[in-house]
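Colleague: Can you walk me through the charged pairs in this one? Keep it short, please.

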Amino acid sequence: MEACYHCGDPCGRSPIIHQQKSFCCNGCKTVYDILHQNGMEFYYELEKAPGTSQNKATTHFDYLDNPEIAASLLQFSEGDRQLISFEIPAIHCSSCIWVLENLGRLHPGVYSSTVNFPAKKAQIQFNEKELSVKALVVLLSRIGYQPKINLASAEKDQHKEDRSLIYKLGIAGFAFGNIMFLSFPEYFDFDEIWLEHYKPMFRTIMLLFSLPVVFYAASDYFKAAFKGLRSGMLNIDLPIALGVSVLFLRSVIDVIMDWGPGFFDSLSGLVFFLLLGRFFQQKTYSYLSFERDYKSYFPLGVTRLSKHKGKLKETQIPLKDIQKGDHLLIRSNEIIPVDGKLQQGEALIDYSFVTGEALPIHKSAGATLYAGGKQCGAAIEIEVTKTVSQSYLTQLWGNAAFDKGKSLRFNSLTDQISKRFTITIVSIAVLSGLIWWFLDPSMMFNVITAVLIVACPCAIALSAPFTLGNLVRLFGRNNCYVKNSATIENWSSIDTVVFDKTGTLSTPAQSAFSYHGLPLSVEEQRLLYSSLRASNHPLSRSLYNTLEEQEIVSLDDFSETLGQGIRASKNEQSMKIGASSFVHNQASATAQGAVVHISSGAQYKGHYVFQSEYRQGLKELLQRLATNKKLAVLTGDNDSQASHLNALIPAGTEVRYQQSPQDKLDYIKSLQDQGHKVMMIGDGLNDSGAMAQSDIGIAIAEDTNVFTPASDAILQADSFEKLAAFFGLAKLGKQIIYSCFAISLLYNLIGLGFAVTGHLEPVVAAILMPLSSISIVIFTTISTRYFGMRLLKSNRKNRN
């Protein structure tokens, strides 16, 4: 019976023939026509019969005609740009990803689509004026990807645990135990008449028990090996699939020909232990990802506004404490963490993190603002209307727009080793089998299966993700939150560290300041106070927290030029706050310390001078880093405090003053052109360009609500002294990974020695193989924890 060209289902007695292709129904034929007419036949080249049967599709989506229901499904809606996420259970292969990420070719109303394959989710950006939510859902259903829409869970992400691995583990374990029980009589070779009489029945039962083990419990290994071969890749599942196949075929032949009981006990034992290792791996990954998600709360703190004894009170709170109805203060360049309604101020929102469109959108009081937008103007106040999941905000940090494409060196190395390992092992298995065919044919299958099983490179593949995963957790526990494990990989190869000065080497919290110039009127003080409140620059925050409290006024105009200063106005009064060149003053260029100049209208008023306090332990930290790394300091300040800084930094440290954000970025580029691997450490605002350019960008966080997609890690300011220890941890990870490679190689060489000489039974190999994987996991977990804690303890002693 012919299979449907689209979905692969049987076509029955009356297939629909269209363009010399067979289809099971008109639905599949229609989908083929849609893809064909839009030049997307490549869909069928990626996978044979990749589609979903249209006989099963339902098309009742009339409820989506209700605007309120349709709007409740949207994550974002602004003008002609909407964002929506669907769970699509039919996603199952590379063809599905390809066709869903090319939805724009099927309908011009779709701007882009991104598929999360493990979660079976697609996030689609579209124009609701050209394509309604209902039309989009119908389009997806017509091509075989009907979304799973649960209106009750529109606001709450319900994650259902996949229990299939537990079922497979249970079936393999049940079969393993029973087959072992039925095998005992023949193991001990009882010379009993009843045993001889019932042997065929026992062997048949064992064969029947093995069927669900091979065709269900071990099915994932066959699928992975098949997909790898079809894609031209040799993955680590191939030797396992070959081993299971050889064991099963050999055992079936043994039973049918009455040569013996076969190896059903070895077969079921192999699959059981393999699944046990996978179960352990899955549980460990779940634990690590939980730690990662939990720590991600930190980078997005927020300022909550409340009334206390008639006065407005500002409180820094973590995201998890945000409640519906709270009033939040969003300063210039801060990310809006939750959906809300604008209460005060003029919003100028940049939604590029969400949609990729960088053109800011103006909003007035009463307008709805969506989570993920960045306020570009003065500070605004919003009322929270809907809480948002942390996972959504974490996505923003990992937005593809900020992906620097840094290489995954260890992963690449692991992939290369696995590929070569598989070729080598398959070759050894074939050669050993041929040799034993001539020496002793009865041993041939045992040797081949033992080689294929014992030499599986699973342990090698596990070493990098488990080591780096444990280190991500250890970094997080010490207040350094890295974006992903690739950051730690790159960290170990850094040879140059570039620091920003203000807010990084110095701490704004401890700065003292003095004012020099003409007195400010009451209106000017209010305008200055309100302007500083809207800014996120460390000096602005420091000055705002120190000045006498003033009445807050809503600014008519506000703009902040990175590296220069603030321009603000209220009614007819305007003010500039910032660098000397920005305020057009030349008189105070020689002032000592970081200087903030002020002009009101056309009149220069004066300047605040900050006496920077450097962080505790800075000198010792820089001395330790300088032993094997090149150091540099870049600052936008003048060199008036050069003597103070020079007393702290090691000899040979390059210091550049009066550097603009572009100067910093160019300096990082020049270092990279010279072959250096550069880490840039800054406060996340003026340094964002340099951090994005560097191999690793680290943002220092005080109490500000920093959100720095350009950074690879966020380091809490009070853990700044641990920087040298973090370098040690990254290097430790590299050493542990290479140690795992060595252990795995040693294990496989010993196992292969026994296997090719015929001294290793397949069942013993089946037990040893998953045990080696588990031993690698235990080794990486214990070694990273033990040596990591020792390293951090040693760092504390050095500081004291």
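**Salt bridges and burial**

Modeller: Arg331 counts as buried, at 1% relative accessibility. Buried means under 20% relative accessible area, exposed over 50%, and partly exposed in between, with a 1.4 Å probe and protein chains only. This is a predicted model: local features need pLDDT of at least 70, side-chain atom pairs count only at pLDDT 80 or more, and totals for chains, interfaces and linings use all residues. Residues are numbered from 1 along each chain as its sequence is written, and side-chain values use heavy atoms, with hydrogens and water left out.

Colleague: Which side chain does Arg331 meet in a salt bridge?

Modeller: Glu334, at 3.9 Å, N to O. A salt bridge here is a side-chain nitrogen of Lys or Arg within 4 Å of a carboxyl oxygen of Asp or Glu. Glu334 is buried, at 2%.

Colleague: What about Lys386, which partner does it meet?

Modeller: Asp339, at 3.6 Å. Lys386 sits in strand β15 (residues 380-386) and Asp339 in strand β10 (residues 339-344), so the pair links distant parts of the chain, 47 residues apart. Strands are DSSP runs of E, at least two residues, numbered from the N terminus.

Colleague: Asp339: buried or exposed?

Modeller: Buried, at 9%. Lys386 is partly exposed, at 27%.

Colleague: Which residues are joined into one network?

Modeller: Glu314, Arg331, Glu334 and Arg533, through salt bridges that share partners.

Colleague: New topic. How many salt bridges by this rule?

Modeller: 13. One of them pairs Asp326 with Arg304, the closest N and O atoms being 3.3 Å apart. Asp326 lies in the loop between β8 (311-317) and β9 (327-330), and Arg304 in strand β7 (residues 302-308), so the pair ties together parts 22 residues apart in sequence.

How values were computed:
Helices (H or I, at least four residues) and strands (E, at least two) are DSSP runs, numbered from the N terminus.
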